[in-house]
Every structure is written in C-alpha cells, then in structure tokens.
Amino acid sequence: MSGTRSLPLIDEVRASAFTIPTDRPEADGTLEWDATTIIVAEVTAGGQRGLGYSYAEAAAAGLVARMLAPRVIGLEALAVPTAWASMVRAVRNVGRAGVASGAIAAVDAALWDLKARVLGVALVDLLGPVRESVDVYGSGGFTSYSTVDLAEQLAGWVDLGIPRVKMKVGSDPAVDEDRVAAARRAIGPDVELFVDANGAYTPAQALAHAQAFADLDVTWFEEPVTSDDLEGMHRVRSGVPAGMDVTAGEYGYDVAYFERMLGAGAIDVLQADATRCGVTGLLQVAALCQARSMPLSAHTAPALHAHICCALAPIRHVEWFHDHVRIERMLFDGVLEPVDGRLVPDRSNPGHGLTFKWADAQRWAA
C-alpha cells in the first residue's frame, strides 16, 4: 500500500528593519549607543504566517530578500532543518557571522513559528516542554547611568518580583566598585547581583575586581575579558572567589564557536542568543551543554526566548534586557510579563503567540 502526503510549501519570505531610539543614552564597558535595530521576518505557507525577529543591522533585511528567500521559498513548511542548512550555505561567501547570522536568525525564528502554527500547537509544545516556566534576571544598569538612575532601575526590577539583577561595569574601572556597592544598597542583601564587563578588563584587572565584587555578594561575572581571549577567560575563571560564576557566549553565531569556548574551560555558565545563533542554533547549543553538564543562559530577547527555553533542559534563566523589553512591549502583542521572576508561556495559542504591530512600527522603518 502506498500513498503521498501533501504538506504546505513556503510561498513567501520577507523582512523589514526598524530602528528605535533608546529612552536615554546607553553604554557598557566597550561600547556606546543610542538606538537599537530589530529585523522582523515573515514566512508564509498553506495560509499560515510565521513571525520571527532578530537584533542586527538594517542590512540584514536586504540580505534576507536577496540571498535567503530564494533558498527557502518552495521548501516544505515543516522542514526547518532543511531551510536552515540551505540558508547557511547561501551566506558562505559573505561570511556567516554578524549581519548574515542576524538575517538567518530572523527567518529561522519565523520558520519555527510557522511550523507550530501549521500544526496548531504552541512553540514550546512543538519543541517538547521540560518546564512550565523559566526564570528571568533584570538587565541594564548601563555605565552611562548616574548612580541614582542605576539604583532606581535595579530596585524597580526587585519591586516587580525579579530576584536577580545585572549591571554594566568597565567604562571606568576606578568607579566600578563604588557603583556595585550602590547597586547592592539599592536592592538589599537577598537579591542576586550580576555584573557584565563586556570584555573591558584585562585578566589582571578582572581578578582584582572579582574579589571586591565578591565582597558585595556578586555571583555572576559576565565577560570579564574579551571572549576572543579564551586563555584569559580561563585564567579569570580559575582565579575568581568561590561562588562566582564566570560567563560568556552571547556573541556566538555557530556551534563551533560554542564548542571552542566549552573546550577551553573558560566559563561556568554558557550564554547564547537566538537572535544571533538562531532557534535552530540554540537547540544545538543546548545539546552541547547537556553533554557537558554545563548550564545555559539565554541572552536578551525575552519574548522570543520564553517558549524555547522552556523546552531546553540546561537552561538556567533568560535575560530581561531593558532595551529589548521596551521594544518588544512597543511592537508586539502577546508579550509575556514576569510573574514572581518567571515567564510562563501561553500554550493556548499556536506558535510563540506574538503578533507584530506593523502600523505602529512604520515610524521607525529603516
């Protein structure tokens, strides 16, 4: 007995870019910025429309149209791995990292959302849930903020019931300890405090600051030196006080990058970002972490990560990043809000449950 199956084929892929000014100037240990660009992708098949997005340069939207859409249109809507492999091959000559990966990530997220919608299930149920909710940590505390603004933002997250918060350090190492002390006073003794240097320190500086930060009960030291210096990261990890996790990985675009970082013994917790490595890439990274008993933390884009992270066994938490929370609240319906410091995906709607507000977004079209 034989038969054929009829699966919907992808018939359209499109992407747009929107640049949204920050609510005030922002900076970390190695960069300053005043706007954030979001790439929004849509993929259609069988009368269903999948939505995805990433945070990248506006050029990523053009790359979707020129290089990725022709590789994806005509494929089966359920064959996400096939589309992923085809997109990765398409960008070989322009380079995988950076803008190209931002473009791939946006389309890949849309493909996963489309697949879930075609099957009529929530994204977390498509992937297979391992938990009902995922912890978040408040993140911002930019070095451009005054001490008063820093304290107000971090305390605001605590008031929302988020029991862990992160601040930036490294722009001026001479004042970092005072700023961290001010943050600790603002949030009280029982809230976890994280710091992120964005690679601003040398290994010697990082180790000197680590002891002072530990005295203020800092438990998370993110990218104390540049992630390109895996030897330096390993040195810092080996020398920080007990109880302080050294973390990095947010700039990873492919699984080989994460494998090198894990192999170097450079971190206690790996970070990964689906807006850079894609949903498909994040699933691969989670498998690496599970094989090594390594915790995984999702970097930024909480609205995108909520469903995915509830299906990943190694996940510790998701970053509730100020810039992206603000943008996602402005531009999407269906955005989740933390309850007692956790995001609980809505499993009553298909896909990730997000709807883009196209009319509202046009004022920021790039």
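This is a predicted model: local features need pLDDT of at least 70, side-chain atom pairs count only at pLDDT 80 or more; totals for chains, interfaces and linings use all residues.
Residues are numbered from 1 along each chain as its sequence is written, and side-chain values use heavy atoms, with hydrogens and water left out.

**Helix pair.** I looked up H3 (residues 99-119) and H10 (residues 274-292), whose axes come within 7 Å and cross at roughly 45 degrees. That makes the pair oblique (under 35 degrees is roughly parallel, over 145 roughly antiparallel, 65 to 115 roughly perpendicular, the rest oblique). The axes are lines fitted to C-alpha atoms over the stretch in contact, with angles from 0 to 180 degrees between N-to-C directions. H3 passes H10 in a left-handed crossing. From H3, I listed Ser101, Gly102, Ala105, Asp108, Ala109 and Trp112 as meeting H10, with contact meaning heavy atoms within 4.5 Å.

**Phe194.** I found Phe194 in strand E6 (residues 192-196); helices (H or I, at least four residues) and strands (E, at least two) are DSSP runs, numbered from the N terminus. Phe194 is buried at 2% relative accessible area (buried is under 20%, exposed over 50%, partly exposed in between, 1.4 Å probe, protein chains only). Its C-alpha sits 6.3 Å from that of Phe221, 27 residues apart along the chain.

**Thr247.** I placed Thr247 in strand E8 (residues 245-248), buried at 0%. Beyond four places in sequence, Thr247 touches several residues, including Trp220, Phe221 and Ile267.

Notes: A crossing is left-handed if the near helix is turned anticlockwise from the far one by less than a right angle, and right-handed if clockwise.
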